[in-house]
Amino acid sequence: MKKKCPYILMKVNIYGCGLSGLTVAHELVEKGFQVEIFEKAPIGGGMARSFRYDNGVPTEHSWRGYGPFYKNVFDIMKRIPVKETCSRDDFGTYYSIEEVKKHTTKDSLWTYYKGEVYDVTKFMGSHPGGSLILNAGGKDLEQVWEDLGYSWHMENPYVMKTLKKYKIGKLKEGFQSKTAYDNLNTDSLKFFLLDNSVSEKKASIKIRDVPYLSYIFSKVLFSNKRRRDYYKISFDKLVKKKISKSSYRYLVDFIGGAGYGIDKQSLSYVHYVLFFNHNFNVLNFNFFNRKDFRWKVLNKPTSEGWIEPWISFLKNKGVKFNFNVSLERIKHDGKKIEYCVVNGTRVVAKEHIFALDPYSLNQILKRSNFPVLQPKIEKLSIINNQISFRLGFRKKVRIPIKNAALTFVEAPYNITTYFQEDHWCPGTNLGMNGKIKSLMSGTLITPYYPGVIYKKSGTSLTKQQLLEEIIEQIFMSKDFLNVVENKITKEDIIFKEIFSDWEEKNGRLVSKNVKWNNNTLNQEYRPLGNTKYSNMFLTGGHNLTTVDVWTMESTVESGKITSNMILEKYNKKKAYLYSHSEKNEIIKTIQKMDDFLYSVGLPNIVDVLFIIVIIYFLLRRL
């Protein structure tokens, strides 16, 4: 009797070609799985995709910032080869692996990690493991840690910070192999707040607000199970009447708008604190130093710098892509998926991964009779109506601030923008046969507020009316016109567009691809990667992750989590996964103490300690 080919037994179908679906495909194909992807759009990338119109102008759903905490995103990007890049290298010394292998003694000990070379000779005396460090001599430190059972070092910020001190250069081999990560600009974005009433120099966290902010931030950071209650609290309502206008502008309209990219009405208390902590590490009080807010952008449109090379790489690895096809129905027997129907055709696989947005997934589950799973996904489906636009200028808009990102916080639609040519490779085609000299890419964070011309929300207007509103709200900013070195007018705009995902229906704008984010209403419904069906897995930014903030990082992390569930099922080595869970043992201990207080109905441990201190001082007075 013939044995079935193990390659066929490990067939995986992925429905959806966004960042999470591509991540799963990447991790599984490298472990020997046969992977096939089905995508309804003509291109991959999901909400992160970009493309060009017939006139050559690049467009996308929203311009993409890459935060300092994007550990899983950067891991994937570093594994995607690209043919060329224009990014500047920030370290000019290169060593070959053969050169590193010559330094293996206590007098000269070198090692390398993720393409970078370290001389750890001087660290030997203070290394906690003593002479164990000699095992790293001339070797790949990542492999050494894995062989010795210390792979947790890669997720330990103290280890990474210590290692960084001993960096002496990069591997020549790494330099010769450029990756999508090299398409990230080495310079960080400088976020600039534009407000006619509160200038950037004034808009900051005021000292008098620090005690209250420290109090409410610590209640989240020192809690765990109690967060399920805090998720339902609006951060905007919590702080609006408690802090100064400057602190509110900085925290809610600036960081929440330009940084988090979510409208303030549904911004959750927990999500805001976690996002702030991921960026600034508030427990170390680094939030006074805005240089820690290091975000970057690609040096070319997203698909050209990341997604297209990724798909080409996966195709070469054997992943089969099917575009312009729609998942219509899922057939199951109550225990597992039997097959799926795609464009009227049955498709089978050993494992089925659904990398769909919750809105599309909800409709498919409803048609396919999933009485337990579907209601939860339906409650998860809260719409975020951010709207993306582009304005092309016939002259170069000169801004003296290098790598600037501009946030118009006084604009009713809370507009956040950047001029793409200032960050992209020199000579990048902006479209219209070179007539466009500056291309502003922007996002309306709060389009539900009344505008200044039509006094209506952005979604209540036609595209033409909305563009009029956007241009008016930008040019009414005196701060913006003062920042621009050369004189520009509305007449200099020769191209304007609302991203094509938006279409007009009955005089209003409706999104064809709805954007999701976590907020005060949907946290408790976020699913895990596995389901009650043995071969059905979910993935996407709406899944539960350790970063717990809807970003590209949560989307890629979800893909890695789902991949590891499948890899574990087949007894294969798991993919690298960075966990954003709290690593400080003292804080974890405090969280456990608060878990106990929460279980017996007592207040947050911060409140309890505060009450104890007050009682202590009152007793001393008696």
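This is a predicted model: local features need pLDDT of at least 70, side-chain atom pairs count only at pLDDT 80 or more; totals for chains, interfaces and linings use all residues.
Trainee: Thanks! Where is the place of asparagine 522?

Mentor: Look in the loop between β24 (515-516) and β25 (536-538).

Trainee: Does asparagine 522 count as buried or exposed?

Mentor: Buried means under 20% relative accessible area, exposed over 50%, and partly exposed in between (1.4 Å probe, protein chains only). Asparagine 522 has 0% relative accessibility, so it counts as buried.

Trainee: Which residues does asparagine 522 touch?

Mentor: Contact means heavy atoms within 4.5 Å. Leaving aside residues up to four places away in sequence, asparagine 522 touches Lys379, Leu380, Ile382, Trp516 and Asn517.

Trainee: Now to helix pairs. How are two packed helices described?

Mentor: By the angle between their axes and the distance between the axes. Axes are lines fitted to C-alpha atoms, for helices over the stretch in contact, and angles run from 0 to 180 degrees between N-to-C directions. Here helix α14 (residues 358-368) packs against helix α15 (residues 373-380) at an angle of about 150°, and their axes are 9 Å apart.

Trainee: What is the orientation of α14 and α15 to each other?

Mentor: Angles under 35 degrees count as roughly parallel, over 145 as roughly antiparallel, 65 to 115 as roughly perpendicular and the rest as oblique. The pair α14 and α15 is therefore roughly antiparallel.

Trainee: Which residues make the contact?

Mentor: From α14 come Pro358, Leu361, Asn362, Leu365 and Lys366, while α15 brings Leu373, Gln374, Ile377, Glu378 and Leu380.

Trainee: And what about asparagine 433, with phi near 55°?

Mentor: That is a positive value in a residue other than glycine. Asparagine 433 lies in the loop between β19 (415-419) and β20 (438-444), and at 80% relative accessibility it counts as exposed.

Trainee: Where is asparagine 571 found?

Mentor: In the loop between α18 (552-569) and α19 (585-599). Asparagine 571 also has a positive phi, about 55°, although it is not a glycine, and with a relative accessible area of 72% asparagine 571 is exposed.

Terms used
Residues are numbered from 1 along each chain as its sequence is written. Side-chain values use heavy atoms; hydrogens and water are left out. Helices (H or I, at least four residues) and strands (E, at least two) are DSSP runs, numbered from the N terminus.
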